[in-house]
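Please keep the sequence and the coordinates at hand while reading.

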Amino acid sequence: TEYWTIIGAFLGILFFFIFRSVHKNTQIIRRLSSELEKSFPVLLSQGESSILEFKSSFRWDIKENKVNRNLENVIIKTLAGFLNSDGGTQLIGVDDNGNLIGLEKDYENLKKQNRDGFEQAVMTLISTKLGTTTCGSILVMFHSAKGKDACRIIAMPSPRPIYVKDGNITKFYMRTGCSTRELNLQDAVDYISMRWNR
């Protein structure tokens with residue numbers, strides 16, 4: 001009987017982990033379906049929030065009228081914050097007021113000057129700065145209106161903590177309200193323990 005007790009306990013634990021994994025995956029699918037149901041005009045009209053952020057461009061500095069690779073870091077920081085929190089959507093090619101600017105200037109500065117080239121640049125940046133496995137939590141799509149494109153990046157809540165590689169430094173971000181905040185070491189440890197070690 002001791003043998004069967006051990007087998008029963010093992011199976012109980014196994015089924016618990018299987019159920020938990022299926023439950024989490026079901027929640028992710030529901031969340032993604034809910035995000036995909038939102039139309040582009042509705043997103044624009046909602047304004048920025050804890051789960052929605054607008055970015056004018058990927059790497060084209062509108063004020064300086066030139067390429068500025070530092071703008072990519074702002075994109076990455078926001079995505080990391082979404083991944084480490086409850087997920088979110090980033091619209092690139094849209095100004096802070098929800099006006100569609102388009103991606104034409106960004107396209108012009110890519111090897112492949114179209115949507116495919118833009119998506120490749122985005123996914124390469126994510127892979128380099130956040131890790132290749134992070135790409136599995138990201139969905140990239142495009143919308144067009146009035147002859148202009150916008151890129152919609154949906155970041156699902158990550159199953160593990162996501163760190164941003166910044167040279168030799170590793171940083172941790174989370175989303176708080178309408179902004180993305182870098183956490184110091186102690187706050188990051190506390191947050192990670194609360195968020196993923198339940």
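Which side chain meets that of Arg115 in a salt bridge? The partner is Asp149, with 3.1 Å from N to O. This pair connects distant parts of the chain, since Arg115 belongs to helix H5 and Asp149 to strand S6, 34 residues apart. Arg115 is partly exposed, because its relative accessible area is 31%. Asp149, at 11% relative accessibility, counts as buried, the cut-off for that class being under 20%.

The model is a predicted one. Its protein chain contains 6 helices and 9 strands. Of its 198 residues, 40% count as buried. Among contacts between residues at least 6 apart in sequence, 64% join residues at least 24 apart. The chain exposes about 11,500 Å², of which carbon and sulfur atoms supply 56%.

Strand S6, which holds Asp149, is part of an open sheet of 4 strands in the order S1-S4-S6-S5, with mixed pairing. Strand S1 (52-55) and strand S5 (138-145) have a single partner strand each and therefore stand at the edges, one side of each being left without a neighbour in the sheet. On average, neighbouring strands of this sheet are turned by 20° against each other, direction ignored. Within the sheet, strand S4 (residues 88-92) and strand S6 (residues 148-155) run antiparallel and are joined by 5 bridges. Leu91 is found opposite Arg152 in S6.

Two helices can be followed against this sheet. Helix H3 packs on it, touching S1, S4, S5 and S6, and the direction of H3 makes about 160° with that of S4. Helix H5 (residues 115-130) lies across S4, S5 and S6 and runs at about 150° to S5. The salt bridge between Arg115 and Asp149 thus joins helix H5 to strand S6.

Strand S8 (residues 169-176) pairs with S9 in the antiparallel sense over 4 bridges, and the bridge partner of Met174 in S9 is Arg181.

Helix H3 itself covers residues 70-84, which makes 15 residues. From its first C-alpha to its last it reaches 22 Å, close to the 21 Å expected at 1.5 Å a residue. Its buried residues include Ile75, Ile76, Leu79, Phe82 and Leu83, together with the charged residue Glu72. At 6% relative accessibility, Glu72 counts as buried.

Glu72 takes part in salt bridges with two arginines. With Arg59, the closest N and O atoms are 2.6 Å apart; Arg59 lies in the loop between S1 and strand S2 (60-61), 13 residues from Glu72 in helix H3. Both members of this pair are buried. With Arg69, the side chain of Glu72 meets in a salt bridge of 2.9 Å, N to O. Elsewhere, Glu53, Lys55 and Arg175 are linked in a network of salt bridges. The whole structure holds 8 salt bridges.

Terms used: Residues are numbered from 1 along each chain as its sequence is written. This is a predicted model: local features need pLDDT of at least 70, side-chain atom pairs count only at pLDDT 80 or more; totals for chains, interfaces and linings use all residues. Side-chain values use heavy atoms; hydrogens and water are left out. The expected span of a helix is 1.5 Å times one less than its number of residues. Buried means under 20% relative accessible area, exposed over 50%, partly exposed in between (1.4 Å probe, protein chains only). Contact means heavy atoms within 4.5 Å. Accessible areas come from the Shrake-Rupley method with a 1.4 Å probe; for residues, only the protein chains shown count as cover. Two strands pair if DSSP finds at least two bridges between them. Axes are lines fitted to C-alpha atoms, for helices over the stretch in contact, and angles run from 0 to 180 degrees between N-to-C directions. A salt bridge is a side-chain nitrogen of Lys or Arg within 4 Å of a carboxyl oxygen of Asp or Glu.
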